[in-house]
Structures are given as structure tokens and as C-alpha cells.
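Welcome! Have a look at the structure below, and then let us walk through a few of its features together.

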Amino acid sequence: MDILVCIKQVPDTKDIRLDPETNTLAREGVESIMNPFDRHALEEAVSLKEEHGGTVTALSMGPPQAETVLREALACGADNGVLISDRAFAGADTWATSYTLARAVETLGGFDLILCGKQAIDGDTAQVGPGLACRLDLPYVTCVQKTREVTADSIQVERMMDDGYDILRLPLPALLTVVKDINEPRVPSLKGKMKAKKAKIEALTAADIGAEKQFIGLAGSPTQVVNVFSPPPRGNRTMFSGTIEEQVSQLVEQLQPYL
Amino acid sequence: MDYFLTEEQQMIVETARGITEEKIIPQRAELDEKNEFPTSILQDMAKADLFSIIVPEEFGGLGGGCLEIVLALEELARGCVGVATSFAASTLGIFPVLIAGSEELKERYLPDIAAGTKWAAFGLTESNAGSDASGIQTTAVLDGDEWVLNGTKQWITNGGEAKIYSIVALTDPSKGARGASIFVVEDGDPGFSYGKKENKMGIRSSATRELIMKDCRIPKNRLVGRRGTGFITVMKTLDVSRPGIAALGVGLGQAALDEAVPYAKQRVQFSRPIISFQAVLHILADMAIQIEAARAIVYAAARHIDSNPKNMSKASSMCKVFATDMAMKVTVDAVQVLGGYGYMKEYPVEKMMRDAKILQIYEGTNQIQRNVIGQELNKEYA
């Protein structure tokens with residue numbers, strides 16, 4: 001089974017700040033990491049490969065330094081890393097991004113399964129995975145918490161729901177977005193890191209993937225950010241502690257004056 | 001400080017740090033509380049190739065030396081000395097095969113060790129043979145094509161969890177220390193079983209157990225090196241493994257400092273963060289000095305050993321004493337800085353203090369190390 005994993009390099013949210021002038025994310029001096037959900041998608045891809053054979057290709061769209069997350073993916077067991085990078089991609093929203101990724105997938109071709117993280121922790125939209133599936137006209141399931149039976153032409157998965165989970169079967173090729181419950185990502189291995197250091201990362205431009213100018217980057221993005229702001233701090237809060245019983249009686253006591 | 005590590009050594013540090021932060025720290029309190037062996041963490045370490053560091057490349061390893069293993073152990077000990085001890089003990093257990101084993105034994109065991117699919121253990125200590133290792137009573141007698149082992153080993157780290165055991169036994173009891181040999185005993189060998197599992201003060205996630213050999217029969221070719229050279233191999237093994245224990249001290253000391261400084265910055269008493277009081281700040285400064293000095297001596301000793309010198313005992317013992325005495329002092333200081341909170345199990349420093357004590361005791365007590373250093377001085381100034 002040949003699997004493609006979409007990976008985004010994101011700022012580490014442990015240290016997030018907004019530029020008060022521009023209302024955009026202050027990226028300077030903030031460490032970049034592999035989007036945490038994508039680490040789970042990658043782990044699932046590598047586990048499926050270990051079980052069923054095939055290859056894993058990691059794909060990322062971003063500036064040249066996004067190569068770092070692709071090398072990390074190689075260290076974790078991916079076989080190939082492909083970076084799509086072009087100044088013309090800058091400013092892309094989820095609409096333009098899914099178009100661009102779709103062009104890249106079609107250029108590379110031949111994948112049985114595409115895995116994405118549920119969402120990226122910077123934009124938090126959860127739109128690119130489903131958007132990519134629609135662009136490629138592939139069946140897809142979001143919020144997958146487990147992959148079950150895999151056959152030559154189908155995959156059965158569990159989709160996380162508020163009240164339990166659904167069991168669904170999709171024909172392959174298909175696209176899945178995964179939640180963190182799906183697995184425990186491995187730590188990149190030493191031999192993997194050494195291999196990744198020497199590996200060549202394929203780099204593709206807009207022209208290489210046949211992406212048309214009016215559909216990529218800022219030009220291809222209908223979304224406009226009107227305002228980004230830090231929400232004002234909430235009012236006074238009281239935290240209860242102790243057993244559930246103790247916490248409930250503390251709560252009742254607090255509410256008593258208003259009853 | 002910059003210790004001029006190679007890119008490969010940096011990778012080892014990063015990999016071990018990844019295991020510590022993602023796998024060990026989230027589980028350490030529970031493993032300690034439950035006295036539970038960290039099987040899944042060791043499997044994660046295997047996947048990350050940490051077990052392959054010390055194995056030569058021809059057997060599927062990375063061909064690293066003492067410094068490489070020291071770097072890994074320091075990072076793992078920042079997470080939990082119990083978990084790190086389980087890893088270190090496997091390395092200790094395979095050293096005799098690496099140092100003196102036949103090609104046949106290396107081919108049989110090293111690929112599994114490198115892959116991390118089998119763990120090792122070192123069986124020297126007995127109830128009457130601790131600091132005086134020459135007091136061992138386990139015997140091995142050749143019977144046709146088999147060695148027959150009889151005796152009980154005590155306090156063996158990884159006992160019951162390892163599949164490969166380096167066992168020291170007397171092949172010629174009349175010759176004392178010169179009559180000892182090392183054998184590889186495998187889990188499942190006839191007559192080999194496990195006894196009492198110990199309930200310890202610290203490093204509680206590590207397994208410490210008795211090994212019982214009752215007419216334990218193993219093939220003739222499991223003898224490691226030549227008959228009667230057991231103690232020489234034991235001494236060489238401990239010379240190269242001790243900096244690893246010292247590294248556990250460095251990692252543990254660093255972990256204690258990493259808890260104490262942020263706490264002192266945020267803990268307010270008398271309307272000021274306590275780090276603004278010189279009495280507290282000086283404790284932290286002394287901790288930092290001791291840790292860095294220990295790190296420097298441990299790395300220097302490891303590099304000395306990797307240069308394959310004629311004599312490595314003094315350097316090995318010096319770094320073990322300094323770094324483990326430091327770890328004991330620094331962890332006690334960390335508890336003091338955290339005060340009442342430090343004494344509670346909600347904070348990790350009380351565990352660090354409990355874990356530190358064993359470092360001054362195992363792989364040769366710090367008093368025995370001072371004997372070794374003193375004997376070397378005696379020779380040097382002869």
C-alpha cells in the first residue's frame with residue numbers, strides 16, 4: 001500500500017504571540033514543529049506500511065525551511081519527502097492550499113491512501129484534509145480514531161463521534177484525517193535520523209505541479225482575515241478540588257445564595 | 001557549556017531526550033508508585049535504536065563507545081533513574097560478551113541486543129559477595145559438553161525481564177578470584193529460575209531479583225572468554241560501565257536543578273520570589289556548579305576510556321564517585337528548595353532524592369571506588 005501523508009510545519013503553540021501591529025502570528029523567534037496531529041497521521045502510515053508493505057511519502061507545502069519536518073518524517077520511517085515550495089504559494093488559505101496539494105498529489109500520482117492530521121494547530125480550520133479529498137474526488141472520513149481491516153481495495157475505520165464511534169468502510173484510494181487517539185507516535189530513531197540527514201528532499205514549484213497562478217497563494221484565497229485578537233480575560237473563577245462528591249457540595253454551597 | 005559533541009553524538013542526545021520527554025516523564029510517577037517494570041518504554045527505546053548504540057556495526061549496531069552511551073544515559077536519567085537503570089543494566093549485561101566473547105557468542109546475541117528485542121543482565125552479586133566480589137559461591141562444573149551451574153545471584157537488575165544473563169561462577173574454587181569464569185545463561189535454560197523480587201526505596205520501576213541456578217545445564221560454548229579469566233573481564237566490564245552510572249548522576253542532578261530553579265522563581269514568600277533571597281540563590285548556584293563539574297569529569301573519563309588507554313580504572317572510579325555523590329547532594333538540596341512541597345509526592349524531587357541513593361551504592365560502592373583510586377595513587381607514586 002502506497003501512502004501519502006500531508007505534513008505542516010507550525011509554530012509551537014507553547015509559545016504563541018500575536019504581533020499587535022499586524023494582528024498576525026508573531027513567527028520570529030518561535031520554534032517550528034511538525035503539526036502534532038500530523039505526527040499521528042505519519043505514525044499510522046508507517047505502522048500500516050510495517051504491517052502491509054508499500055511506501056510512505058511525506059508531502060509538505062511551505063517555505064524552504066519546512067524541509068526540516070520532512071527530514072523528521074523520514075527519521076520516523078517515511079521513505080520519501082516532497083516539499084512544494086514557491087513564493088507564489090504565500091498567503092494561501094485552505095481553499096488555495098487544498099488546490100495546491102491536489103495538484104502535487106496528481107503530479108506524484110499512484111497513492112492508495114492519503115492521511116492528514118485532523119487539523120493544524122495554527123489555523124485550526126480542519127478544512128484542508130476534506131478539501132483535498134474533494135479536489136481529488138476521493139472518498140474521505142475525518143476524525144479517524146482507529147484503522148481496522150485493510151484489504152487490497154478497501155479500508156475499515158472508526159470515526160470518533162461525540163457519543164461513541166462509527167465503523168465505516170471506504171473503497172481505496174481514499175483520504176482519512178486522524179485524531180490523536182489513533183496511536184502513540186514513535187520517537188525518531190537514530191538510524192532513521194542518520195538516513196534522513198543524507199536523504200534528498202524532492203522540491204517542486206508551482207510550475208512543476210502545473211498549478212495555475214489565479215488559484216494559488218493570496219490570489220487564489222477568498223478568505224480574508226478581518227481581525228485577530230486575544231480574547232479578554234474571563235471574570236473571576238473558582239476552582240473546586242477533592243472528590244466529585246466534595247466538589248459538588250462546594251458548588252451547591254456557592255450557588256445557595258442565588259437560589 | 002559546549003562539549004564539542006559530533007553531529008552523531010548530538011543525535012543520540014536528541015533521541016534520548018525525546019524518549020525522556022515523551023515516554024518517561026509522563027509515566028515515571030506511576031511506575032514508581034506501582035513498582036512496575038517499564039516494558040513499553042524499553043520497547044520505545046528499542047524502536048529509537050538506543051540499544052544499538054554500543055553494538056559494533058557488523059552486528060547491526062551503531063558502533064558507539066563509552067561517551068555515546070554516557071550521553072544517552074544522562075538524558076534518560078533526567079526522566080527517571082529507574083528506567084535509565086534498566087537500560088544501563090542491559091548494556092552492563094552484554095559488555096562481557098563484547099569484551100571477551102567468542103565470535104559465535106557475538107553472532108548469537110548481539111543482533112538481538114542491537115534490535116532491542118532481547119535485554120541483558122549482569123549476575124555477579126551474591127548474598128555473601130557484594131563489595132568483596134571474590135566471595136562468590138556459585139560454581140560451574142564441566143560435564144561432557146555442558147557446564148552445570150549451581151548457586152544464587154542476588155539483587156540482579158533486569159532479573160526476570162532480561163533474556164540474556166552474564167553469570168560469574170567459580171570454575172576452580174581452590175584458586176579463588178583466579179578460578180572464576182563468565183557464562184551466558186539464557187531465560188528458559190533448564191535449572192534456571194527467578195527468586196525473590198525486591199521492594200526498593202528508589203529506582204522502583206527497575207526490576208531487582210534473585211537468579212537461581214539449580215543444576216542449570218548450558219552448552220559448553222557459553223563460556224565467555226577463557227576459563228579462569230572471569231574476574232579480569234568483570235573488572236574491564238565495570239571500568240567501561242561505571243561512567244554510565246556517573247552519567248545517571250549527572251542527568252539526575254540536572255533534573256533536580258530543572259525543578260528547583262523554576263520553583264524558586266515562582267514561589268513567593270515575604271512578598272518576593274524566593275530566588276531573590278541569597279540563601280536560596282546560593283543553593284541553586286552550588287547545585288549548578290557541582291552538576292557542570294560532574295558532567296565535565298564524566299565526559300572526560302568517557303573520552304579517556306574511548307581512547308583505549310592502558311589503565312582506565314582510576315578515571316572510571318573518579319567520575320563515578322564525583323557524579324553520584326553530587327547527585328545525592330543536589331537532590332537533597334532540591335527538596336530543601338521546594339520545602340514542604342518538595343517532600344510531597346505531587347512534586348518529582350522526593351523521588352529524585354530516593355533514586356539518587358542507589359547511585360552511591362551499586363556498581364561498586366563509592367568507598368570501593370575510593371579504594372581503587374587510592375591503590376592507583378599508591379602505584380603512581382611508588
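A salt bridge here is a side-chain nitrogen of Lys or Arg within 4 Å of a carboxyl oxygen of Asp or Glu. This is a predicted model, in which local features need pLDDT of at least 70 and side-chain atom pairs count only at pLDDT 80 or more, while totals for chains, interfaces and linings use all residues; side-chain values use heavy atoms, with hydrogens and water left out. Residues are numbered from 1 along each chain as its sequence is written, and chains are lettered from A and ligands numbered from 1 in the order in which they are written.

Over all chains, the structure holds 36 salt bridges. One of them pairs B:Glu75 with B:Arg17, whose closest N and O atoms are 3.1 Å apart. B:Glu75 lies in helix H4 (residues 66-79) of chain B and B:Arg17 in helix H1 (residues 7-24) of chain B, so this pair ties together parts that are 58 residues apart in sequence. Helices (H or I, at least four residues) and strands (E, at least two) are DSSP runs, numbered from the N terminus. B:Glu75 counts as buried because its relative accessibility is 5%, and B:Arg17, at 33%, counts as partly exposed. Buried means under 20% relative accessible area, exposed over 50%, and partly exposed in between (1.4 Å probe, protein chains only).

## Two more links

Next come B:Asp32 and B:Arg354, whose side chains meet in a salt bridge of 2.8 Å, N to O. This pair links distant parts of the chain, with B:Asp32 in helix H2 (residues 28-34) of chain B and B:Arg354 in helix H10 of chain B, 322 residues apart. Both B:Asp32 and B:Arg354 are buried.

B:Glu380 also forms a salt bridge, with B:Lys314, and the closest N and O atoms are 2.8 Å apart. B:Glu380 lies in helix H11 of chain B and B:Lys314 in helix H9 (residues 313-343) of chain B, so the two tie together parts that are 66 residues apart in sequence. B:Glu380 has 45% relative accessibility and therefore counts as partly exposed; B:Lys314, at 22%, counts as partly exposed too.

## Two buried residues

B:Lys106 is found in helix H6 (residues 103-115) of chain B. B:Lys106 is buried yet has no salt bridge: the nearest side chain of opposite charge, B:Glu103, is 4.1 Å away. For charge, Lys and Arg count as positive and Asp and Glu as negative; His and the chain ends are not counted. Leaving aside residues up to four places away in sequence, B:Lys106 touches B:Phe59, B:Val97, B:Leu98, B:Gly101 and B:Pro111, where contact means heavy atoms within 4.5 Å.

B:Met287 sits in helix H8 (residues 278-306) of chain B and counts as buried because its relative accessibility is 1%. With residues up to four places away in sequence not counted, its contacts include B:Ala256, B:Leu257 and B:Asp333. The C-alpha atoms of B:Met287 and B:Gly253 are separated by 7.8 Å, although the two residues are 34 residues apart along the chain.

## The second largest pocket

On a 1 Å grid over the protein atoms alone, a cavity is a set of points where a 1.4 Å probe fits but cannot get out, and a pocket is an open set with protein on both sides within 12 Å along at least five of seven lines; lining residues have an atom within 4 Å of a point. The second largest pocket is lined by 45 residues, and among those nearest its centre are B:Tyr362 and B:Glu363. H7(B) supplies the largest share of this lining, seven residues.
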